[in-house]
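Student: Could we go through this structure together? I would like to ask about individual residues and change topic as we proceed.
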Amino acid sequence: MAKGSTQKTASATIAVYSLKGGVGKTTMSVNLAWASACISRRRTLLWDLDPQAASSWLLSTDQTSRDAAQAIFSKDVEVKKLIQPSTVPALDLIAADTSLRGLDHLFREMDKKKRLAKLIESLSRDYDRIILDCPPGLTETSEQVLRAADLIVIPVIPSPLSQRAMGEVARYLVQRGGAHAPILPVYSMVDRRRSLHRAALESQTGWPAIPMASTIEQMTVRRKPLGAFAPASPSAQAFASLWTQVERQLSGR
Ligand SMILES: Nc1ncnc2c1ncn2[C@@H]1O[C@H](COP(=O)(O)OP(=O)(O)OP(=O)(O)O)[C@@H](O)[C@H]1O
Ligand SMILES: [Mg+2]
């Protein structure tokens with residue numbers, strides 16, 4: 001378990017989710033998890049739900065795949081048994097592996113709409129913040145995520161296609177009905193030299209923004225969150241400020 005919490009707090013689950021692939025979900029998940037563990041000193045768990053296992057690859061201390069990530073959901077393996085320390089002190093990880101490719105099918109077969117939410121509840125005594133790195137798409141897995149999350153962070157590249165995907169999710173949530181967690185859209189990979197990006201930023205001045213930066217790309221070479229190798233960079237500061245906004249939104253629950 002992650003140790004060292006200095007603040008007592010109600011546990012909260014933050015899903016980093018998008019209909020679209022490649023918009024910065026994993027990058028955001030890893031850096032928000034770092035900020036939670038290292039800036040806020042929260043007991044933090046990053047749960048990688050994507051069979052691509054990108055955040056697991058970035059953070060895991062143990063790269064041997066046990067192909068057990070899906071077994072948590074069918075109760076074949078106890079969820080706590082798959083928690084491992086990450087390379088960041090005070091940040092724990094439930095790693096993904098390719099077994100998660102069958103997760104949508106499993107959720108449909110099990111017909112337990114709150115399976116993920118229940119598993120998360122069983123972890124809420126041990127963790128203050130649980131960050132979910134989600135696969136793209138509107139699937140059974142995303143349905144489970146939407147039911148389990150207290151806040152849904154959606155990275156949006158300032159482009160018409162990405163903004164359309166954000167609109168699709170919002171429309172879907174309205175059509176689907178029922179309560180869902182608040183949504184925090186965040187501009188991702190922002191390049192202020194591009195007029196399209198500047199126009200998008202001006203149209204939604206309240207959305208936080210993460211810049212397009214080579215320092216952020218460096219994460220995949222160094223296999224570390226930004227805060228671990230460039231804490232003073234403007235990009236790390238943008239993630240820290242996003243984390244402050246996430247915490248502020250959670251405290252208003
Ligand atoms: N702000 C940024 N600046 C520069 N590069 C970025 C930024 N955010 C993400 N990237 C790079 O873009 C690529 C896609 O990012 P990432 O893997 O975080 O997206 P994703 O939404 O998780 O993708 P997927 O849908 O495949 O899971 C990665 O190579 C990542 O390093
Ligand atoms: Mg990803």
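Predicted model: local features only at pLDDT ≥ 70, side-chain atom pairs only at ≥ 80, totals over all residues.

Student: Noted. Which residues does P136 touch, leaving out those up to four places away in sequence?
Tutor: P136 touches S18, L19, K20, G21, K25 and D50.

Student: D50 is on that list. How many residues lie between P136 and D50 as a separation in sequence, and what is the C-alpha distance?
Tutor: P136 and D50 are 86 residues apart in sequence, and their C-alpha atoms are 8.3 Å apart in space.

Student: Where is P136 found?
Tutor: P136 is in the loop that runs between β5 (129-133) and α5 (140-148). P136 has a relative accessible area of 31%, so the residue is classed as partly exposed.

Student: Let us move to β5. Is I130 buried or exposed?
Tutor: I130, which lies in strand β5, is buried, because its relative accessible area is 0%.

Student: What does I130 touch, again without residues up to four places away in sequence?
Tutor: I130 touches A12, T13, I14, L45, I120 and L123. Among these contacts is I14, and the C-alpha atoms of I130 and I14 are separated by 6.2 Å although the two residues are 116 residues apart along the chain.

Student: Now a helix, please. Where is S56 found?
Tutor: S56 is in helix α2, which covers residues 54-59. S56 counts as buried because its relative accessibility is 4%, and buried means under 20%.

Student: Which residues does S56 touch?
Tutor: Beyond residues up to four places away in sequence, S56 touches D48, Q63, L93, A95 and A96.

Student: And A71, where is that one?
Tutor: A71 is in the loop between α2 and β3.

Student: Why does A71 count as buried?
Tutor: A71 has 16% relative accessibility, and the buried class takes in values under 20%. Apart from neighbours within four places in sequence, A71 is in contact with D76 and V77. The C-alpha atoms of A71 and L100 are separated by 8.9 Å, with the two residues 29 residues apart along the chain.

Student: Changing topic to the backbone: what is phi of A90 near?
Tutor: Phi of A90 is near 70°, a positive value in a residue other than glycine. Most residues other than glycine have a negative phi. A90 lies in the loop between β3 (83-85) and β4 (91-94), and A90 counts as partly exposed because its relative accessible area is 26%.

Student: What about phi of R223?
Tutor: Phi of R223 is near 50°, which is also a positive value in a residue other than glycine. R223 is placed in the loop between α9 (219-222) and α10 (226-229). With a relative accessible area of 29%, R223 is partly exposed.

Student: Finally, charge. Which residues gather in a patch of positive charge on the surface?
Tutor: The patch of positive charge is formed by K75, K112, K114 and K118.

Student: Where does K112 lie?
Tutor: K112 lies in the loop between α3 (103-110) and α4 (115-123). K112 has 47% relative accessibility, so this lysine counts as partly exposed.

Key. Residues numbered from 1 in each chain as written. Chains lettered and ligands numbered in written order. Heavy atoms only, no water. Patch = residues over 30% accessible without salt bridge, like charges linked within 9 Å, V, L, I, M, F, W, Y side chains within 5 Å. Areas by Shrake-Rupley, 256 points an atom, 1.4 Å probe, with all protein chains shown as cover. Salt bridge = Lys/Arg side-chain N within 4 Å of Asp/Glu carboxyl O. Lys, Arg positive; Asp, Glu negative; His and termini not counted. Charge placed at Lys NZ, Arg CZ, Asp CG, Glu CD. Helix = DSSP H or I, 4+ residues; strand = E, 2+ residues; numbered from the N terminus. Buried < 20%, exposed > 50% of the residue type's maximum accessible area, 1.4 Å probe, protein only. Contact = heavy atoms within 4.5 Å.
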